Amino acid sequence: MLQTLLQQIINGLVVGSVYAVVALGYTMVYGILGLINFAHGEVVMVGALTALSAILYLREIAPGLNPLVYFGFGLLAAIPVCMAIGYTMERVAYRRLRNAPRLAPLITAIGVSFLLQTLAMVIWGRSYHSFPQLIPTTPLQVVHGVFITPVQITTIGLSAAMMAGLVLLVMRTRLGRAMRATAENHRIAALMGVNTNGIIALTFLLGSGLAAVAGVMIASNYGVAHYSMGFLPGLKAFTAAVLGGIGNLAGAMVGGILLGLIEAIGAGYIESWTGGWLNSSYQDIFAFIILGIVLVFRPTGLLGERVADRA
Amino acid sequence: MNDIAATLPFIGRRNPRAALILMIAVIVLAPIVASLFGRSWVRILDFALLYILLAIGLNLVVGFAGLLDLGFIAFYAVGAYTWAFLASPHFGLHLPVYIVLPLGASFAALAGLILGFPTLRLRGDYLAIVTLGFGEIVRIFMNNLTHPVNITNGPQGIDQIDGVSFFGWELNRRLSLGGGFGIDPIFLYYYLFLLCVVLAVFLVKRLQVSRVGRAWAAIRDDELAAKAVGINTRNTKLLAFAMGATFGGVAGGLFGAFQGFVSPESFTLMESIAVLTMIVFGGMGSLSGVIVGALALSFLPEVLRQIALPVQHALFGRVYLDPEVLRMLLLSLAMILMMLLRPAGLVPSHARYSHPLSPEEAKP
């Protein structure tokens, strides 16, 4: 009994740390522009598929290297591609609509999201691609009957490192101060000499880079990549961002981990709770229900202090 | 009807009466002309009418009340599944249309109320995500509610659904006119759907200038000001949600009856987005625009299918972009480009809120 719980907590931490990384992208863009970047989940997907192609390419021209080299190469290929997509997205689709009525950029974002999905469908096809298991997946025993795989450890470690790096960047550097100033009030920030357009572009670059890594991690954990794999993680990461308090970096991380835990534990126990009526295929419902509850009872999220009502 | 006719190019403004007659003639004769190109085009026409109905319903919510609803297809699903439950061998029920259709519409309206009640306090972008989540929840339930009692039959869906029949006259059967002449079901459904669309247009046009319609416009333009002049914004928004859902429910029921088969596959997020794109393309809040948008975006993919496949075969010897990809490309590009280049849509609504007499009509 306890073992199941512990196992689900580990699984939840792994999934949750990925959600947290993706949620950071949502929350940064929202904090600065007040825009839900609907297409962020699609960037995750592009990251995974780009890494897949890069890994397969390197394997072809240089077989027999250390698997970690392939993994690193995949990451290094995915990050710039996703950053380029994030930048283009901001430049082409969002910048012109910055002062438009609030529905306009949201609708554009939905359009961008579906455009990315369609393009991915054209480039990589509709089939599920198996993602090479470059990091061992042999389970290691933590306690008796509770296991964790090296992939999972890598996922948690990489996420933690990236989150720490981002927090340092935002809180301790000049650039980070400019970002916070822009989020606070971009007009005043511009008056103080901050290049706000540059900062907004930077936000998209950072968020997309994080999303690329998250995509590679999701694909390595599940061993598959697919053109529509970004939609659900994107939606759940958004939920995580709202749960923690959108616009708040710490909130995104807390929300991500918490959502991962709730989902894993919920999926593990829903069958016994509902007497067999609902089973783990309803796992995806938790995120939506939590989203609804949070938005109704505490729209500012757990850590959000700013009552965002810019509309 | 006049202002819809006025959107016809060239003739619309100069001779509204001729435009109106022309429009009616085209609408009535459309399926006959379409059948010359093959029966599949008549089916496409039927579906286009259903899309118009959906778009009119979603336009109440998005265009009139300014609430972005990304889960609209869930109401369509509620209508379709209600029909499938109550008029198919699945539960052994075969209730008639004048019970099933109103029931489907009311269930959809109820679903709209249930969804709207907790969420309508939210700001626009949050509302969009929550409605999207609602749509997904409905789809997850449709896919999984098979056990311990088989309710939805999962991904296989429900088939052998009864068609529409009025007092023993079945629309699914070829209407015989004697002497070997007859009218095929797809034509009968065309005129049935047409009747529904005309009713919907009439209803919405009256609604738009009614107290409720003006309240919606006020909320869309400035919610705070609307509240200040004494509009009960929550109830008014709820009404928009429920009314929009009702249209979705009716369209869904008709879809189930026409198709004879429903499955979760027909109610994906993509369909919600497709209907939204039709509205954005035609012009949010503009009734004629929405109709134009729905027609254009249900026909263009089919036309593309007819043109693009042979062209690709001829040029490259294989098909790079299959029809489904083309449709998604078209819809997503339409959404992005319209918002960037022409945010008011193809046929913009001509007033911030609709006057009973628009400037064109007021002129002698």
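Modeller: The crossing of H3(A) and H4(A) is right-handed. The model is predicted, and this applies to everything that follows. Helix H3 of chain A covers residues 67-94 and helix H4 of chain A covers residues 103-124; their axes come within 11 Å of each other and cross at roughly 135 degrees. Because angles over 145 degrees would be needed for a roughly antiparallel pair, H3(A) counts as oblique to H4(A). On the side of H3(A), the residues that take part in the meeting are A:Met89, A:Ala93 and A:Tyr94, and on the side of H4(A) they are A:Pro105, A:Thr108 and A:Val112.

Turning to chain B, its secondary structure comprises 15 helices and 8 strands. The domain assignment divides chain B into domain 1, residues 1-36, and domain 2, residues 37-362. Taken over C-alpha atoms, the centres of these two domains of chain B lie 23 Å apart.

Along the principal axes, its C-alpha atoms fill a box of roughly 60 × 55 × 50 Å. The radius of gyration of chain B is 21 Å, which agrees with the value near 21 Å for a compact globule of 364 residues.

As to the interior, 47% of the 364 residues of chain B count as buried. Among the contacts in chain B with a separation of 6 or more, 71% are between residues 24 or more positions apart.

Terms used. Residues numbered from 1 in each chain as written. Chains lettered and ligands numbered in written order. Predicted model: local features only at pLDDT ≥ 70, side-chain atom pairs only at ≥ 80, totals over all residues. Domains from an automatic or database assignment. Helix = DSSP H or I, 4+ residues; strand = E, 2+ residues; numbered from the N terminus. Rg over C-alpha atoms; globule rule 2.2 N^0.38 Å. Buried ≥ 20, exposed ≤ 12 C-beta atoms within 10 Å, placed from the backbone. Contact = placed C-beta atoms within 7 Å. Axes fitted to C-alpha atoms, helices over the stretch in contact; angles between N-to-C directions. Parallel < 35°, antiparallel > 145°, perpendicular 65-115°, else oblique. Left-handed = near helix turned anticlockwise from the far one by under 90°.
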